[in-house]
Amino acid sequence: MNEKTTHLLEKTFRFGVDVLKFLGTLPYNFIYKVPMLQLSRCSTSIGANYEEAQGAVSKRDFSHKIGISYREARESVYWLRTLNELYQDEKYQADFE
C-alpha cells in the first residue's frame, strides 16, 4: 500500500472518530437526535468505505466504493451545516469550523 493511501485511510478513520467524540460533547435534545445520528453514520462510513475499497476485486468495484465514500463525505458536510445552524452557541462554533 502506498503512502498516500495509508495517509487517507488514517485521515478518514480519524475524521469519523473525531466526529463521534465531538457529538458526545453536544447537549442532547430530541430535536437534534436525527441530525446527530445521521452525522455519526455518514462520517464513519467515509472511512469504512475507503477501507473496503482497498480490497476491491476490480477497478470498477474500487471506483464504486470510492464513490460511496465521496457521497458520504458530502452528506457529512450537510449534517455538520445543519447542526451548526441548530447549535448557535459560540462555544461550539470553533469545533464546527
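Which residues does Thr5 touch, not counting residues up to four places away in sequence?

1. Thr5 touches Tyr50 and Gln54, where contact means heavy atoms within 4.5 Å. Thr5 sits in helix H1 and is buried, at a relative accessible area of 12%; buried means under 20% relative accessible area, with a 1.4 Å probe and protein chains only.

2. Some background before going on. This is a predicted model, in which local features need pLDDT of at least 70 and side-chain atom pairs count only at pLDDT 80 or more, while totals for chains, interfaces and linings use all residues. Residues are numbered from 1 along each chain as its sequence is written, and side-chain values use heavy atoms, leaving out hydrogens and water.

3. Now to H1 itself. The end C-alpha atoms of H1 are 33 Å apart, which agrees with the 33 Å that its 23 residues should span at 1.5 Å a residue. Asn2 caps the N-terminal end of H1, with a side-chain oxygen 3.1 Å from the backbone nitrogen of Lys4.

4. Besides Thr5, the buried residues of H1 are Leu9, Thr12, Gly16, Val19, Phe22 and Leu23. Their cover includes H2, H3 and helix H4 (93-96). As a general point, an α-helix has 3.6 residues a turn, so residues three or four places apart point the same way.

5. Helix H2 covers residues 33-53 and reaches 30 Å from its first C-alpha to its last, close to the 30 Å expected. H2 also has a kink of about 30°, centred on Ser45.

6. Ser45 is among the buried residues of H2, and so is Tyr50. What covers the buried residues of H2 includes H1 (3-25) and H3 (59-86).

Note on methods. Helices (H or I, at least four residues) and strands (E, at least two) are DSSP runs, numbered from the N terminus. The expected span of a helix is 1.5 Å times one less than its number of residues. The bend at a residue is the angle between axes fitted to the seven residues ending there and the seven starting there. Buried means under 20% relative accessible area, exposed over 50%, partly exposed in between (1.4 Å probe, protein chains only). A polar contact is a pair of N or O atoms within 3.5 Å; within protein, one must be able to donate a hydrogen and the other to accept it, and residues adjacent in sequence count only if both atoms are side-chain atoms.
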